[in-house]
Amino acid sequence: MGALHRIDPAPAAATILQRPSALDPSAGDPVVQVRGITKRYGGSVEALKDIDLDIPRGKLTTLLGPSGCGKTTLLKIIAGLLEPSSGEVRVNGREVTGPGPERAFVFQDFALMPWATVLRNAAFGLELRGVPRREREDIGRHYIREVGLAGFEERYPHELSGGMRQRVGLARALAVKAEVLLLDEPFSAVDEQTRRKFQEDLLRLVAQEKKTFLFVTHSIEEAVYLSDGIVMLSRRPGRINRIIEPAIDRSGSPDEIRRDKHYLDTVEEIWHGLRDYVD
Amino acid sequence: MKTTMDGVAAMPGPRHGAGGTLLRAAAAMGGGMLLWRLASIALFCGLWEVAGRVPISPAFPSFSATAIAFRDMMADGSLPAAFAVTLQPLVLGVVISAVLGVSAGVLMGLRRGVEWVAAPVFIVFQAAPMAALIPLVTFVYGIGLTAKVLAVCMLALPVIALNGYKAVRNVNPSLLAMARSFMASPWQRVVKIIIPDASPVIFAGLRLGVSAGFIGVILAELLITPTGIGDLITYHRSIANYAEMYASIASIILFSALTLAVLQRIETVFFRPEKQGA
């Protein structure tokens, strides 16, 4: 129930479920539990303050907030790439002390090795784990196909567009078969058309892979379009402002969804919420 | 490090590869690039010929005279023999500098402690005018091979080590975070991320180091005892055989340039395959 600590009771629009996790059967089994996370830089600047959060299993949850709200910091703490100043993160009940095999990270700047082919990059997580070459290349090829890059296995990153590079980053994270995928603004360095196509592909992958996705973005539309749950963070020190479950009907075509009243209302709702504390 | 050894000691293998890639590159660009390069060399030789025939100075032979002297010196075996002598301290010194320099540089980049101890030494050595120190070397190590190897190392080592150090320090932090998040061991981090990412700058250092090594060996042969190419240059100057003197100088320049080209090829083939054909 930690997920519901900071829900703002004010806007009771029909589109926003106030206590969504209570309705969710998997709520009793959050895959990531964040407890009392505070992060201070240089002893004085507080990036995050007292974050309590449960990330439900098998869903796509978004951390949404203005730049400088510490959302990437929180994601990196969950990934084990940063140490919190206080508090703890548990994944599957085990305390996080560093990166682990059950989590995989997708980097904002792709973090691909320029000297390695798409295939080697995609299979790099497995290479580090000592998986034999044949096996890891088979898995790599599979996920390269899954992210829509079949035929580019032997290319180098500099021959690909930004969107394609990020697909390699996604394939690399999928290939290690982690339960939790942590995506740090994966589309921020990608142009708008590519971004939309990528979002649609990501939704398909979420449905297909049955993994937990935790996604950082500053785009409200993106958050509403993709997420099962949106965690809104306020600006410095980052705190959880409220949690929204958009519950968008995703059975229609992407264009239908983007014109859907429910979708548009939710975007509007979040925008109003954000404006309240931006001003 | 080992590749450098091959590159300097065993020219034919890599050169073959270099030729193949050059052909491919030329084919990709419709031969235009190769044509321009050849034209540039032809223009240079033409200007040299004109300058030699004017003549600018009686001590400045024309290109054709130098080329004939080169052919004669190859035929009578004096040039190959000189190269065989010069190459000993050169290859030894360059290999020692490459192995020690790259290791020291990488270690300085990885460990603060090593940086504190070693970096100032290399920085001072790089700043020092080495030609002035070479007589000191002869006091300690005499006039033999050791002294000449040391002269090569003194010139080549600092630049190789300092480049390696800077390269490792400037490794892309995002790649390091990536390696960490996929749980690379410290060893994997060094071998699979740091060395490949640093290799362009490490190799830039190696190229500078090798060319400094050529300076070192010629300085040693001119200042310590006249042997090899240094001896040929000194001897032909003393008897006013200027064409032969220039042929010796040109041959060592050519050899140095070829060595550097081979080194570049080794880098792209073994460390940065993505740069092939680019």
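Let's start with one residue pair: in strand β5 of chain A, Arg94 is the bridge partner of Val91 (A:Arg94 and A:Val91). Strands here are DSSP runs of E with at least two residues, helices are runs of H or I with at least four, and both are numbered from the N terminus. Strand β4 of chain A, residues 86-91, pairs with β5(A) in the antiparallel sense over 2 bridges; two strands count as paired if DSSP finds at least two bridges between them.

A word on what we are looking at: this is a predicted model, where local features need pLDDT of at least 70 and side-chain atom pairs count only at pLDDT 80 or more, while totals for chains, interfaces and linings use all residues. Residues are numbered from 1 along each chain as its sequence is written, and chains are lettered from A and ligands numbered from 1 in the order in which they are written.

Now, the sheet. In chain A, 4 strands form an open, antiparallel sheet in the order β2-β1-β4-β5. In chain A, β2 (45-56) and β5 (94-95) are at the edges with a single partner strand each, so one side of each has no neighbour in the sheet. Helix α2 of chain A, residues 71-79, packs on this sheet and touches β1 (30-41), β2 and β4 of chain A. The direction of α2 makes about 120 degrees with that of β1(A); axes are lines fitted to C-alpha atoms, for helices over the stretch in contact, and angles run from 0 to 180 degrees between N-to-C directions.

Let's step back to the chains. Chain A has 10 helices and 10 strands, whereas chain B has 12 helices and 0 strands. Of the 279 residues in chain A, 46% are buried, and in chain B it is 36% of 278. Buried means that 20 or more other C-beta atoms, placed from the backbone, lie within 10 Å of the residue's own.

And where do the chains meet? The contact takes 17 residues from chain A and 15 residues from chain B, with contact meaning C-beta atoms, placed from the backbone, within 7 Å. On the chain A side, helix α4 (residues 124-128) gives the largest share, 3 residues. That side divides into 14 nonpolar, 2 polar and 1 charged. Nonpolar covers Ala, Val, Leu, Ile, Met, Phe, Trp, Tyr, Cys and Pro; charged covers Asp, Glu, Lys and Arg; the others, Gly among them, are polar.

Methods
Two residues are in contact if their C-beta atoms, placed from the backbone, lie within 7 Å. A residue is buried if 20 or more other C-beta atoms lie within 10 Å of its own, exposed if 12 or fewer, and partly exposed in between; C-beta atoms are placed from the backbone.
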